[in-house]
Structures are given as structure tokens and as C-alpha cells.
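Please find below a colleague's note on the attached model.

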Amino acid sequence: MRFSITNKVSWIGKIDWELRRFHGDEYSTHRGSSYNSYLIEDEKTVLIDTVWAPFGREYVDNLKKTIDLNKIDYVIAQHAESDHSGALPFLMKEIPSVPIYCTAAGAKILKGHYHENWNFIEYKTGDTLDIGSSQLVFVEAKMLHWPDSSFTYMTGDNILFSNDAFGQHYASELMYNDLVDQAELYQEALKYYANILTPFSPLVTKKIQEVLSLNLPVNIIAPSHGIIWRDQPGQIINKYLEWADGYQENQITIIYDTMWNGTKRMAEAIAEGIKSAAPDIEIKLFNLAHSDKNDVITELFKSRAFLVGSSTINRGILSAAAGMLEMIAGLGFKNKKAAAFGSYGWSGESTAIIQERLKAAKIEVLEPGLKVIWNPDEDGKQKCFEFGREFAGRL
Ligand code: FEO
């Protein structure tokens with residue numbers, strides 16, 4: 001499929017409606033995704049990024065129906081991750097000597113993935129490429145979110161090709177931000193930021209400020225996933241600045257895993273306590289064993305504070321809670337307070353283990369945590385209620 005964005009620029013990617021898991025099994029994509037490749041036809045013909053390998057053949061066949069491949073002067077690989085570079089082996093078989101513009105790190109990664117000596121031309125921030133009446137300006141965006149990530153700005157049409165930044169795993173045939181359901185779009189953009197970009201938030205702020213300081217007019221932001229921002233593209237830049245700055249909403253999230261519902265009952269009683277102390281706070285509960293981990297991360301990202309509960313098992317914690325704590329540690333949330341709780345039968349280590357893992361993740365832990373033996377009785381539930389009240393009071 002080819003879709004015109006301006007007189008010179010077309011979208012030539014793949015909308016993947018079936019995708020439900022991304023990054024292996026690490027990211028849920030309830031609304032599919034797209035791999036956005038862009039074709040620029042000025043005096044020179046330029047291809048920016050490709051698509052994921054399973055669609056590589058289809059992509060090249062489609063491209064052939066659109067243009068004579070021999071007309072392509074430059075390929076730009078803004079990012080070497082397979083979802084954007086996967087079609088390169090198919091494409092470069094047809095046009096092996098066409099230069100691939102990328103960062104130095106990009107060339108290394110592409111060689112590491114595909115073991116091909118393509119004609120790499122490395123760019124740095126500020127390097128330009130004249131393509132006729134427009135010019136392409138390259139901007140390295142190291143660690144947003146890979147070492148090779150980069151953006152390309154096109155003068156004339158004033159388009160920022162931002163690769164993963166400002167993207168969403170969101171399939172839509174409507175293509176543009178102003179045409180799609182705004183709640184869905186916001187949800188997917190936020191989930192994408194929370195799960196992918198959180199660890200790099202200081203770099204996000206710095207990079208946005210760097211790009212803004214260039215005072216380039218931006219009419220369109222064209223990311224490599226999801227819809228294209230043509231209506232007030234500055235809105236997603238502002239959202240990123242907000243999300244990168246210790247973002248929180250007025251929400252407390254309680255996450256837990258439970259064997260025989262003792263820890264679940266604790267979670268519910270703690271929620272009651274929070275509600276009685278702070279009726280205006282949004283409180284959300286998730287049983288981790290039954291919840292989508294990326295949706296939970298999104299809720300934690302939005303939270304002022306959160307509580308983590310697990311029963312004790314084999315002197316440890318339940319596996320869903322352990323997995324979530326691993327994700328929390330990796331993402332490096334800032335500006336959040338947390339506490340631990342859990343029911344137990346005899347040894348009762350879970351609360352202390354959760355606290356240690358939260359501290360190791362540099363989360364501010366409100367101690368002491370709470371443990372209750374077996375199934376909480378009325379007294380146990382009252383302790384949970386008071387624990388919740390106290391937790392809300394300490395925020
Ligand atoms: Fe969409 Fe980092 O790849």
C-alpha cells in the first residue's frame with residue numbers, strides 16, 4: 001500500500017493488524033501496530049526505514065509496484081532494530097550498491113544482524129543530504145531507545161521523521177492523529193512511552209530541548225509505528241516532556257499475586273483504607289498473574305505511589321510478582337513511593353523481599369510493610385485498612 005502524505009512524501013509501510021506480541025513476548029499490542037517506511041521523491045529518491053522481516057518480501061514487491069527500485073538513490077536506516085531493518089536483506093538484494101545512511105552504531109548493528117557489507121555511509125548530528133528542492137538533516141538520538149537511534153528532518157515539507165520516538169503500537173487505516181479515536185491514541189502513546197522510553201527519560205528531555213533549540217518548523221511528525229502527527233504535532237512533544245519529568249497522576253495502584261486469596265483480601269482491605277483517607281485518589285488493583293504486564297506498567301507509570309503484595313512461597317515470592325519487580329527495576333521509575341505487603345503461613349519472607357527489591361530499584365519504600373498470617377481475619381483486615389490509611393497519609 002502507498003499513501004501520499006505530501007506531494008513528495010509517501011507512506012509505504014505495513015499495517016500489522018494481527019500483531020499481539022512485540023519484542024519477542026515482552027510487549028503486548030492489543031491494537032496491532034504498523035511499521036512505517038517513507039518514500040521521498042524529490043530530485044533524488046530516498047527510502048526511510050523499512051519493515052519487519054516477515055513482511056520483507058511483501059514490502060519489496062509492493063515497492064516495485066510503486067517505483068522502479070533502480071531509481072532509489074539513498075536508503076536511510078534511522079534505527080537498526082529488526083522491525084525497521086528486517087526488509088533490508090530483501091531490498092538490498094535488488095539494489096546492492098545503493099548507499100545506506102545510518103549512524104556509526106547503526107552500521108555496526110546492521111552488520112551484526114545481517115552480516116552484509118552494504119555500502120554504509122555514516123552520519124552524525126547536523127550532517128545534511130541535498131535531495132533536490134529539499135534537504136535532509138540528520139539528528140542522532142542515542143539511546144532513544146538504542147545506541148543507533150536517529151531522526152531525520154526534511155526541509156520544505158518540514159517533516160520530522162522520528163523513528164520510534166512519538167510512535168505507538170496502534171494499527172489504523174486512518175493514518176493521522178486527528179482522525180483516530182483520541183482516547184485510544186493517548187492510551188497507546190502513553191503505554192509505548194511507559195514501557196519503552198521510561199529508562200531514558202533524562203535523554204528524552206535533553207534531546208527534545210536540543211531539537212527545539214534549532215527552531216525548525218515542524219508541520220508533521222512521522223514516527224515509525226502508528227499514526228502520523230499532522231494536527232498540532234507539538235502536542236506529542238509536550239506530552240513527552242511531561243512524561244519524562246517524573247510523571248504522575250492522582251492514582252495509587254495495588255499489584256499483587258496470591259495463592260489462596262489471602263494476599264488478595266489484604267489488597268482489597270488496603271484499598272478500602274486508602275479510599276477512606278483519600279476519597280479523591282483513583283485506586284486500581286491488579287492481580288499480576290491475570291493481568292497484562294505492559295498494561296500494569298502503564299498504570300504504575302501513571303501512579304503517585306503503588307503497593308506490591310505477594311504470598312510467601314518457598315521462602316520467596318510468587319513468580320508473577322517477581323517478574324513485575326524485575327520490570328520495575330529495569331524501567332527505573334522516578335518520583336514514586338511504594339510499600340510491600342503479603343500473607344504467609346509460617347516463614348513469611350515475602351514482604352521483606354519485596355521491600356529489598358523495590359529499594360534496589362531505587363523506589364522510595366514506605367516502611368514497615370505489612371504481613372498477615374494465613375487468611376486475614378477481621379483483625380487482620382482492620383490492620384490492612386489502617387495500613388492503607390497510613391500509606392495514603394504519608395504521600
Ligand atoms: Fe521500532 Fe526500536 O524499533
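**Note on pockets, domains and backbone geometry**

1. Helix H5 (182-197) and helix H10 (319-331) each supply at least two residues to the lining of the second largest pocket. H10 gives the largest share of that lining, 3 residues. Helices here are DSSP runs of H or I with at least four residues, strands are runs of E with at least two, and both are numbered from the N terminus. A pocket is an open set of points on a 1 Å grid over the protein atoms alone, where a 1.4 Å probe fits and protein lies on both sides within 12 Å along at least five of seven lines; lining residues have an atom within 4 Å of a point.

2. The model is predicted: local features need pLDDT of at least 70 and side-chain atom pairs count only at pLDDT 80 or more, while totals for chains, interfaces and linings use all residues. Residues are numbered from 1 along each chain as its sequence is written, and side-chain values use heavy atoms, with hydrogens and water left out.

3. The second largest pocket has a volume of about 210 Å³, a volume being the space filled by probe spheres set on grid points that are joined across faces, edges and corners. Its lining includes His23, Glu26, Tyr27, His145, Asn195 and Asn294. By class, the lining has 5 nonpolar, 5 polar and 1 charged residues; Ala, Val, Leu, Ile, Met, Phe, Trp, Tyr, Cys and Pro count as nonpolar, Asp, Glu, Lys and Arg as charged, and the others, Gly among them, as polar.

4. The domain bounds come from an automatic or database domain assignment.

5. The centres of domain 1 and domain 2, taken over C-alpha atoms, are 39 Å apart. Their contact (heavy atoms within 4.5 Å) takes 15 residues from domain 1 and 13 residues from domain 2. About 1,100 Å² is buried between the two domains, 53% of it from carbon and sulfur atoms. Buried area is the accessible area (1.4 Å probe) that two parts lose on being put together, summed over both.

6. Between domain 1 and domain 2 the count is 3 salt bridges, each a side-chain nitrogen of Lys or Arg within 4 Å of a carboxyl oxygen of Asp or Glu. The side chains of Arg21 and Asp292 form a salt bridge at 4.0 Å, N to O. The structure holds 23 salt bridges. Arg21 lies in strand E4 (residues 21-22) and Asp292 in the loop between strand E18 (282-287) and helix H9 (293-302), so the pair ties together parts that are 271 residues apart in sequence.

7. The largest pocket holds about 310 Å³ of space. Of its 16 lining residues, Met259, Thr312, Tyr344, Gly345 and Trp374 lie nearest its centre. Strand E20 (312-313) and strand E22 (337-344) each supply at least two lining residues. This lining divides into 6 nonpolar, 9 polar and 1 charged.

8. The Glu367 to Pro368 bond is cis, with omega near -5 degrees. Asn158, in the loop between E14 and strand E15 (159-163), has a positive phi near 55 degrees. Most residues other than glycine have a negative phi, and most peptide bonds are trans.
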